[in-house]
Amino acid sequence: MTSALPRLYCGPLEHIAVPTVAAELPDDAMPAERLLEPGVLDELLERFAAQYQGDDLKAVASLWSKWHFSAMAAHTLASNLLLERDLPVALDQMGLYLSDSGQTIGIALPHEGTPLGSLDAFERFERLLQGHVAPLVDMLGCVSGASPKVFWSNFGNYFEYFAKAAVHHPMASPGLGDEALRLIDHRVYPDGRRNPLFMPVRYLPDEHGETQRTRRLCCLRYRLEDFGCCGNCPLDDAAVARASSTTSNKTSNKTSSTTGNKTSNKTSNKTRQHRTTAMPQSTGAVVQTFPSRGDARRLVAS
């Protein structure tokens with residue numbers, strides 16, 4: 001690797017895995033464009049779903065996308081904003097490191113990027129958005145049946161998060177994230193195209209008058225038995241109560257089956273409790289740094 005990218009992974013970024021940079025894709029990395037091949041994403045989602053209770057494909061696909069998009073947003077925004085470099089992250093340019101459960105845990109790049117052709121908000125992220133996010137969102141929607149808006153919302157959540165967190169990096173200059181935030185503040189592009197990243201989160205007062213970071217769209221994770229609604233969920237209290245009641249009924253019905261199933265349910269409940277402890281349901285306000293690996297798990301879960 002040459003000298004530019006490693007400079008990013010210090011201080012608040014020191015716990016994020018540095019991308020592999022090599023002209024030839026490493027043997028243990030999957031070409032990212034394979035995500036668009038028939039059956040590939042289905043198989044990854046099946047592996048990913050095996051670690052959770054429940055089989056709601058829309059929720060599984062949404063949660064998988066949160067892992068993937070959090071990784072993409074962290075690396076690309078850091079390089080784009082801090083180094084003013086455009087990483088080669090189109091699906092046909094890069095590779096992915098995947099865990100045994102099928103989730104994205106790292107990226108491989110053919111080179112460490114090129115200087116941005118423009119610093120304008122509506123141009124500097126186009127490789128990422130049009131070459132990676134847009135086609136993957138379309139495929140996720142086709143495979144799962146969930147609305148593309150859900151997946152754009154998931155990506156937008158991390159885009160906004162990392163744009164704000166980047167200003168706390170030691171290499172940051174004043175107003176570093178302004179252009180990224182300007183992009184998500186506009187409903188349409190200058191040429192009239194609809195902006196799918198428009199306002200992914202809002203900052204709203206709660207009943208105590210405190211500002212809460214709230215997603216515009218629910219990520220559907222409550223539809224898996226392992227999770228409830230996250231602390232950033234836009235659903236109102238009644239909707240949260242209904243979701244919790246549905247999950248409780250499902251758990252109760254499973255518990256009332258055979259003794260063997262009872263034992264299995266107790267084991268999975270313990271696992272579920274451990275996951276909830278390890279990955280709190282809310283990030284609360286935007287933190288002051290990029291997340292470490294542990295923080296990233298909590299961010300993805302929320």
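Strands β7 (residues 201-205) and β8 (residues 211-215) pair in the antiparallel sense over five bridges; two strands count as paired if DSSP finds at least two bridges between them. Five residues lie between the strands of this hairpin, and G209 takes a positive phi near 80 degrees there.

## Basis of the description

Residues are numbered from 1 along each chain as its sequence is written, and side-chain values use heavy atoms, with hydrogens and water left out. Because the model is predicted, local features need pLDDT of at least 70 and side-chain atom pairs count only at pLDDT 80 or more, whereas totals for chains, interfaces and linings use all residues.

## The chain as a whole

The chain has eight helices and eight strands. Helices (H or I, at least four residues) and strands (E, at least two) are DSSP runs numbered from the N terminus.

Of the 302 residues in the chain, 48% are buried, that is, under 20% relative accessible area with a 1.4 Å probe, protein chains only. The accessible surface comes to about 13900 Å², and carbon and sulfur atoms account for 51% of this surface; areas come from the Shrake-Rupley method with a 1.4 Å probe. Among contacts (heavy atoms within 4.5 Å) between residues at least 6 apart in sequence, 67% join residues at least 24 apart.

## The four-stranded sheet

An open sheet of four strands has the order β1-β5-β4-β2, with mixed pairing. Its edge strands are β1 (20-21) and β2 (30-31), each of which pairs on one side only. Between β2 and β4 the pairing is antiparallel, over two bridges, and G95 in β4 is the bridge partner of P31.

Helix α2 (residues 57-83) packs on the sheet, where this helix touches β4 and β5. The direction of α2 makes about 40 degrees with that of β5; axes are lines fitted to C-alpha atoms, for helices over the stretch in contact, and angles run from 0 to 180 degrees between N-to-C directions.

## Q103 in the β4-β5 loop

The loop between β4 (95-98) and β5 (104-109) contains Q103. Q103 is buried, with a relative accessible area of 8%. Not counting residues up to four places away in sequence, Q103 touches F48, Q51, W64, W67, Y97 and L98.

The side chains of Q103 and S101 make a polar contact (3.3 Å). Such a contact is a pair of N or O atoms within 3.5 Å; within protein, one must be able to donate a hydrogen and the other to accept it, and residues adjacent in sequence count only if both atoms are side-chain atoms.

Technical notes
Buried < 20%, exposed > 50% of the residue type's maximum accessible area, 1.4 Å probe, protein only.
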